[in-house]
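Take a moment to look over the protein shown here. The report below walks through a few of its features, one at a time.

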Amino acid sequence: MDVDLKLPPEESSSDLVINGKAPFAIYFQDYMAKKLEKGAGITAVAAIVEHNTSGIISRKSDNINSPKDLVGKKYGTWNDPTELAMLKTLVESQGGDFEKVEKVPNNDSNSITPIANGVFDSAWIYYGWDGILAKSQGVDANFMYLKDYVKEFDYYSPVIIANNDYLKDNKEEARKVIQAIKKGYQYAMDHPEEAADILIKNAPELKDKRDFVIESQKYLSKEYASDKEKWGQFDADRWNAFYKWDKENGILKEDLTDKGFTNEFVK
């Protein structure tokens, strides 16, 4: 099977799949919500990581130990409506006043440098990359997982999405692709250092950061799945809980219960 791997322009991977330019892409459940509501023909066919490993990072010296401690601090934001609604729920769940969190634009592809330089005090990151990066750069940081404070935020991110027409017309091929990808992640779970070297081979710009990439893979190897044989499978209750939160908080108008995902190809 020949597979052509491409790095799409930022934020465009879903559009490539929606428009039939690529059968598969990596995307995120939270970003899928508005696309699905508009009728986009995409389905999540595998969860790359079993639980949401994103959260809020900050300098340890700022003593941000829970979401309410963000009050009076600078938060680096992308000004995304879903992001800000989630942050509001996060802060208010611990009794904090969201309006007193200072929002500062975050236009940096790496949030660790602006935090270290005091541009803002905290930012939303994925621990498996920016969290490990902070450690590798000697930044003394605090980190809190979103899912530890609001259970609805244990959604799936990242995921593999596929074009619905492709899945309908190429079921067997789609299954073979996803099963091959599954074997790759199972290998990475057992061999994180070798997986890091494979990544570096295909992304040579990382060759001078091998120690960092290995640490990232060691962390992720324990997060991909608690049961290796069940890698990629979605829990419907967790998937639906996030979209229910979306609807209750005005992000969505439509009910997306049981929409946008399948375990058909990964099992």
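## The second largest pocket

In this predicted model, the lining of the second largest pocket is made up of 7 nonpolar, 3 polar and 5 charged residues. That lining has 15 residues, and those nearest the centre of the pocket are Glu50, Tyr156, Lys230, Gln233 and Phe234. The space inside comes to about 160 Å³.

## Helix H3

Next, find helix H3, which runs over residues 81-93. From its first C-alpha to its last, this 13-residue helix reaches 18 Å, close to the 18 Å expected at 1.5 Å a residue.

Just after the helix, glycine 95 has a positive phi of about 85 degrees.

## What covers H3

Which residues of H3 are buried? They are Thr82, Glu83, Ala85, Met86, Leu87, Thr89, Leu90 and Val91.

## Serine 14

Now turn to helix H1 (residues 13-18), where you will find serine 14. Is serine 14 buried or exposed? Serine 14 counts as buried because its relative accessibility is 0%, and buried means under 20%. Leaving out residues up to four places away in sequence, serine 14 touches Tyr27, Lys35 and Ile161.

How values were computed: Residues are numbered from 1 along each chain as its sequence is written. This is a predicted model: local features need pLDDT of at least 70, side-chain atom pairs count only at pLDDT 80 or more; totals for chains, interfaces and linings use all residues. Side-chain values use heavy atoms; hydrogens and water are left out. On a 1 Å grid over the protein atoms alone, a cavity is a set of points where a 1.4 Å probe fits but cannot get out, and a pocket is an open set with protein on both sides within 12 Å along at least five of seven lines; lining residues have an atom within 4 Å of a point. Grid points are joined across faces, edges and corners, and a volume is the space filled by probe spheres set on the points. Ala, Val, Leu, Ile, Met, Phe, Trp, Tyr, Cys and Pro count as nonpolar, Asp, Glu, Lys and Arg as charged, and the others, Gly among them, as polar. Helices (H or I, at least four residues) and strands (E, at least two) are DSSP runs, numbered from the N terminus. The expected span of a helix is 1.5 Å times one less than its number of residues. Buried means under 20% relative accessible area, exposed over 50%, partly exposed in between (1.4 Å probe, protein chains only). Contact means heavy atoms within 4.5 Å.
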